[in-house]
Amino acid sequence: HVSSDGSARLSISSDTGVDVESVQFSGASIGISADTDLLSLGSGTLTVNGDITATGSCCGSSSTAFTPRGFYVKKDSSTSITTSAGTWETVAGFTTTNLVGGWDSGNLVMNTGVFTAPVAGYYYVSVTQRVDDHDPSSSYVRLIISINDSTSWLSLGGHTLVGNGWSSNFESIHASNIISLSASDTIRFKVQASGDTTYYLHAESYYSVFLMQREKLRAARAGAAGGEPWNTMDHAVGRLSRRRLGGAVGGGAQAG
């Protein structure tokens with residue numbers, strides 16, 4: 001059925017759908033005869049029900065390509081710590097100089113070590129901290145991923161602890177996690193020596209944060225019918241959700 005009065009929009013409709021060559025339209029779905037809902041349209045959402053094959057750049061020109069949020073940096077120099085036992089010290093003084101692969105999206109203050117989340121979402125966070133000249137006979141060392149400057153057990157983004165008896169020369173301790181942050185939340189890396197008042201935070205230490213998925217996409221996924229597994233990609237020219245029927249894309253973790 002085709003209708004137009006010259007001023008209204010052209011409407012093409014059918015009780016069973018509309019075929020244009022080999023492409024089929026049915027309601028808000030577009031597909032082919034063998035798979036009629038390859039594309040599903042919604043308010044502010046395009047869902048691709050299948051695999052995506054790209055023969056060129058997936059994100060367009062350099063001016064519209066995906067811009068990562070986060071950083072990969074190292075400590076710029078070793079820091080001597082003299083403090084009271086049990087005091088939390090925020091690791092600071094970062095750099096990308098002479099660091100192969102180092103980068104920063106501009107949301108990290110290098111001299112204070114404070115990263116501010118530019119958008120809400122899930123962030124991968126990783127820290128490897130070398131600690132030198134620590135007295136292991138009377139003290140443990142704890143390394144935490146601090147959210148909003150907290151040291152509370154209920155507000156940490158992850159931590160690790162090395163007990164008494166480790167090397168007094170140096171040790172490297174590591175923590176990593178995937179953390180849900182709101183926009184403007186902050187991340188700091190903090191170290192605590194329970195019974196030691198002097199030690200060094202060595203320059204051979206590395207820190208990284210990377211935005212994996214924006215919160216807006218997570219919320220859209222959570223509202224999808226059927227609880228099916230989804231993967232999401234976000235870039236500057238829009239957003240796209242894709243689903244592989246019968247399993248998670250690429251064998252990754254499934255989420256309802």
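These numbered notes go through a predicted model of one protein chain.

1. **Overall make-up.** The chain has 1 helix and 23 strands. It holds 256 residues, and 35% of them count as buried. Take the contacts with a separation of 6 or more: residues 24 or more positions apart account for 65% of them.

2. **Confidence.** The mean pLDDT of the chain is 77, and 73% of the residues reach 70 or more. Over residues 60-64 the pLDDT is below 50, and this stretch has 3 contacts beyond near neighbours in sequence. Residues 220-256 also have a pLDDT below 50. That stretch has 60 contacts in the model beyond near neighbours in sequence. Where pLDDT is low, the predicted coordinates should not be read in detail.

3. **R130 and E204.** The count of salt bridges comes to 4. In one of them R130 pairs with E204, and the closest N and O atoms are 2.6 Å apart. This pair links distant parts of the chain, 74 residues apart. R130 sits in strand 15 (residues 121-132), while E204 is in the loop between strand 20 (198-201) and strand 21 (206-214). R130 is buried, at 12% relative accessible area. E204 is partly exposed, at 44%.

4. **D149 and its partners.** R188 forms a salt bridge with D149, at 3.5 Å between the closest N and O atoms. R188 lies in strand 19 (residues 186-193) and D149 in the loop between strand 16 (141-147) and strand 17 (156-162), so the pair ties together parts 39 residues apart in sequence. D149 also meets K190 in a salt bridge, at 2.9 Å from N to O. K190 lies in strand 19 too, so this pair ties together parts 41 residues apart in sequence. R188 is buried, with a relative accessible area of 17%. K190 is buried as well, at 6%. D149 is partly exposed, at 40%.

5. **A network.** Salt bridges that share partners join R130, D132 and E204 into one network.

6. **K74, buried without a salt bridge.** K74 is found in strand 8 (residues 70-75). Which side chain of opposite charge is nearest to K74? That is D76, 7.2 Å away. Beyond its neighbours within four places in sequence, K74 is in contact with residues including G93, F94, L99, Y206 and Y207.

7. **A nonpolar surface patch.** Y124, I178, F210 and M212 form a nonpolar patch on the surface. Together they have about 360 Å² of accessible area. I178 lies in strand 18 (residues 170-181). I178 is partly exposed, with a relative accessible area of 48%.

Technical notes
Residues numbered from 1 in each chain as written. Predicted model: local features only at pLDDT ≥ 70, side-chain atom pairs only at ≥ 80, totals over all residues. Heavy atoms only, no water. Patch = residues over 30% accessible without salt bridge, like charges linked within 9 Å, V, L, I, M, F, W, Y side chains within 5 Å. Areas by Shrake-Rupley, 256 points an atom, 1.4 Å probe, with all protein chains shown as cover. Helix = DSSP H or I, 4+ residues; strand = E, 2+ residues; numbered from the N terminus. Buried < 20%, exposed > 50% of the residue type's maximum accessible area, 1.4 Å probe, protein only. Contact = heavy atoms within 4.5 Å. pLDDT = per-residue confidence, 0-100. Lys, Arg positive; Asp, Glu negative; His and termini not counted.
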